[in-house]
Amino acid sequence: MNGDARAVVRLEAVTHWYGAGGRPARPVLADFSLLAAPGEWLCVLGPSGCGKTTLLNLVAGFFAPRRGKVLCGGRSVAGPGPDRAVVFQEATLFPWLTVAGNVGFGLKRQGLRGEAHDAAVAREIARMGLSGHAGKYPHALSGGMRQRVAIARVLALSPAVLLLDEPFSALDLPTRERLQDELLAIWAETGATVLHVTHSVEEAAYCGDRVLVMPRAGGGCVEEVSVDIPRPRARLGREVMGLEARLRHALRACLLQTPAATEEGKS
Ligand SMILES: Nc1ncnc2c1ncn2[C@@H]1O[C@H](COP(=O)(O)OP(=O)(O)OP(=O)(O)O)[C@@H](O)[C@H]1O
Ligand SMILES: [Mg+2]
């Protein structure tokens with residue numbers, strides 16, 4: 001792992017909106033705070049457009065919040081860094097590089113060369129079930145395979161913080177479940193802090209130490225559900241299924257919330 005594995009991720013009163021102009025009545029994130037404990041697997045559920053990807057992008061440092069603070073490992077996030085790696089909603093690979101080239105890209109940038117580089121690349125490719133495809137280019141892969149390459153590329157860097165944006169949604173069920181288990185095992189080994197955005201209550205109930213259910217863009221309450229189901233969890237066990245039902249209920253409730261325009265936003 002990198003130096004400060006088990007980093008805490010903190011958002012303090014973050015308000016964010018896109019575009020020019022002042023604060024709109026319903027910013028994407030309104031006075032939003034979050035604390036992911038070091039080594040915690042925090043799942044984030046919420047309706048489409050409520051700001052989940054925005055939240056991850058802020059932690060990744062792709063842009064700064066209009067208001068409030070984003071901190072990682074106690075330091076203010078001032079841009080992207082090797083301590084935070086993102087698996088995007090849609091796999092973003094370099095089309096001119098092979099599978100092995102994509103997986104090794106970050107390692108090369110970190111100065112890893114020769115056998116150590118090749119061994120790390122081969123390990124991550126095998127872990128994602130892509131052995132035999134190392135020399136292929138992205139255009140020759142299925143969507144699910146591309147996503148597995150994107151995950152392998154991130155895991156090769158052993159980041160302290162893993163930012164997962166619906167990483168499994170393009171995968172078929174057996175592959176999705178296998179990769180969830182693989183990522184959970186890697187997480188247990190490395191102690192990375194994970195922020196995992198998903199639309200799946202099943203996935204959140206199976207993976208999360210805690211689940212946040214975000215309201216629609218512009219406000220309302222974030223519901224927080226702590227999960228004390230021991231691991232490894234039984235996907236179809238009573239506890240996981242009970243939690244799924246609770247999360248489903250929380251999601252429905254947040255869809256019914258009407259965001260209130262703030263005084264500042266109305267002006
Ligand atoms: N770069 C951008 N420029 C302008 N508006 C944006 C930009 N990115 C996101 N938005 C808007 O911000 C809101 C939140 O978007 P975001 O992508 O964070 O939602 P999300 O919760 O990840 O949704 P989904 O579940 O569909 O992925 C949406 O209304 C979206 O249109
Ligand atoms: Mg999104």
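Helices here are DSSP runs of H or I with at least four residues, numbered from the N terminus. Keep in mind that this is a predicted model.

**Exercise 1.** Work out where Arg-127 sits and whether Arg-127 is buried or exposed.

*Solution.* Start with the place: Arg-127 belongs to helix α3. Next, take the relative accessible area of Arg-127, which is 19%. The cut-off for buried is under 20%, so Arg-127 counts as buried.

**Exercise 2.** Describe how helices α2 and α3 pack.

*Solution.* First, find the two helices: α2 covers residues 99-109 and α3 covers residues 114-127. Their axes lie 9 Å apart, at an angle of about 125°. That angle makes α2 oblique to α3. As for handedness, the crossing is right-handed. Now check who does the touching: α2 brings Val-99, Ala-100, Val-103, Gly-104, Leu-107 and Lys-108, while α3 brings His-117, Ala-120, Val-121, Glu-124 and Ile-125. Sort them by class and you get seven nonpolar, two polar and two charged residues.

**Exercise 3.** Find which residues coordinate the magnesium ion (ligand 2), and say where in the chain they come from.

*Solution.* Begin with the donor atoms: OG1 of Thr-53 and OE1 of Gln-89, at 2.0 to 2.7 Å. Then trace them back. Thr-53 is in helix α1 (residues 52-60), and Gln-89 is in the loop between β6 (84-87) and α2. The pair is 36 residues apart, linking distant parts of the chain.

Methods:
Residues are numbered from 1 along each chain as its sequence is written. Chains are lettered from A and ligands numbered from 1 in the order in which they are written. This is a predicted model: local features need pLDDT of at least 70, side-chain atom pairs count only at pLDDT 80 or more; totals for chains, interfaces and linings use all residues. Side-chain values use heavy atoms; hydrogens and water are left out. Axes are lines fitted to C-alpha atoms, for helices over the stretch in contact, and angles run from 0 to 180 degrees between N-to-C directions. Angles under 35 degrees count as roughly parallel, over 145 as roughly antiparallel, 65 to 115 as roughly perpendicular and the rest as oblique. A crossing is left-handed if the near helix is turned anticlockwise from the far one by less than a right angle, and right-handed if clockwise. Contact means heavy atoms within 4.5 Å. Ala, Val, Leu, Ile, Met, Phe, Trp, Tyr, Cys and Pro count as nonpolar, Asp, Glu, Lys and Arg as charged, and the others, Gly among them, as polar. Donors are N, O and S atoms within 2.8 Å of the metal (3.2 Å for Na, K and Ca); water is not among the atoms, so sites may look incomplete. Buried means under 20% relative accessible area, exposed over 50%, partly exposed in between (1.4 Å probe, protein chains only).
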